[in-house]
Amino acid sequence: MTTYVLAGGCFWCIDAVLRRLKGVESSICGYAGGLESDASYYRVATGTTGHAEAVQVTFDETIIPKETVLDIFFLIHDPTTLNRQGADVGTQYRSVLFYANEIQKQEFEAAIERAATHWDNPIVTELTQLEKFYEAEPEHQDYFSHNPETGYCSIVIAPKIIKARRSYQTWFREET
C-alpha cells in the first residue's frame, strides 16, 4: 500500500475523484502544511493557519500505478494557479504534494515534470515535507456522495469526476 497526501483546492473535489478509483483503499479529507499545532475547518478557512485542504489517499499500487494516481491529481485541478482553484481563493486552496520521504519526493518531482507538458503556464505546485496530517470533521468525509445535488457538487465536483473518468476510464470503479 502507498499513502500520499495531496492538496489541490477544495478537498471535496480531490476526494470525490480519488475514492472512485480502483485500488483506492481510503480517501480522507483533512489539513496539512500549517504552522498551527491543530487544524479545523473554520480555523483553516480563515487562511491564517498555513494549512492546505488536503486528502490522504491510500491505494494498492499493484492495482493502480502510483503515476496514474498522480497524473489524475494533476488533471483534476489547475496546478498553474497560485493559492486558488476557481472561485476558491486563499493559501488553504494551494496546490501541494506533501512527501513523507525522499522516494515520494522523487515520485512527486517526476509527476510535476509530466504535468508540465500538459499545461501552458508554469506549474506552481509546492513540494513540502509532510509534518502532520489532521483529519477533517466527519461532515467533510465523502462529501460528494452525501450531497450530490448541492450546487457546488453538481457545478464544480461532478465535472471533475466526468473529466477524470473520460481520460482514465480503465482505472475507475463501476458506478453503482
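Start by selecting Trp12 and Tyr143: both are buried, meaning under 20% relative accessible area, where over 50% is exposed and anything in between partly exposed (1.4 Å probe, protein chains only). You are looking at a predicted model, in which local features need pLDDT of at least 70 and side-chain atom pairs count only at pLDDT 80 or more, while totals for chains, interfaces and linings use all residues. Residues are numbered from 1 along each chain as its sequence is written, and side-chain values use heavy atoms, with hydrogens and water left out.

**Aromatic pairs**

Stay with those two rings for a moment. The structure holds eight aromatic pairs; rings of Phe, Tyr and Trp (its six-membered ring) pair if their centres lie within 6.5 Å, and planes under 30 degrees apart count as stacked, over 60 as edge-to-face and the rest as tilted. Trp12 and Tyr143 form a stacked pair, because their ring centres are 3.6 Å apart and their planes are at 5 degrees. Trp12 sits in helix 1 and Tyr143 in helix 5, so this pair ties together parts that are 131 residues apart in sequence. Helices here are DSSP runs (H or I, at least four residues), as are strands (E, at least two), numbered from the N terminus.

Next, pick Phe73 and Phe74. Their ring centres are 5.1 Å apart with planes at 75 degrees, so they make an edge-to-face pair. Phe73 counts as buried at 1% relative accessibility, and Phe74 is buried too, at 3%.

Move to Asp142, in the loop between strand 8 (133-135) and helix 5. With a relative accessible area of 16%, Asp142 is buried. Its side chain makes a polar contact with that of Arg19 at 3.3 Å; such a contact is a pair of N or O atoms within 3.5 Å, where within protein one must be able to donate a hydrogen and the other to accept it, and residues adjacent in sequence count only if both atoms are side-chain atoms. Leaving out residues up to four places away in sequence, Asp142 touches Asp15 and Arg19, contact being heavy atoms within 4.5 Å.

**Helix 6**

Now select residues 151-167. Helix 6 has 17 residues and reaches 24 Å from first C-alpha to last, close to the 24 Å expected at 1.5 Å a residue, a span taken as 1.5 Å times one less than the number of residues. Where does helix 6 kink? Look at Ile157, shortly before the proline Pro159, for a kink of about 35 degrees, the angle between axes fitted to the seven residues ending there and the seven starting there. Among the buried residues of helix 6 are Cys153, Ile157 and Ile161. What covers the buried residues includes helix 1 (11-18), helix 3 (66-75) and helix 5 (143-146).

**Helix 4**

Finish with residues 102-116. At the N-terminal end, Asn101 caps helix 4, with a side-chain oxygen 3.1 Å from the backbone nitrogen of Ile103. Colour the buried residues of helix 4: Gln104, Glu107, Phe108, Ala111, Ile112 and Ala115. They cover an arc of only 140 degrees around the axis, which puts them on the same side of helix 4; the arc is that of the directions from the helix axis to the C-beta atoms. They pack against strand 1 (2-8), helix 3, strand 6 (95-99) and strand 7 (126-129). Turn to the face away from this buried side to find the exposed residues Glu102, Ile103, Gln106 and Glu113.
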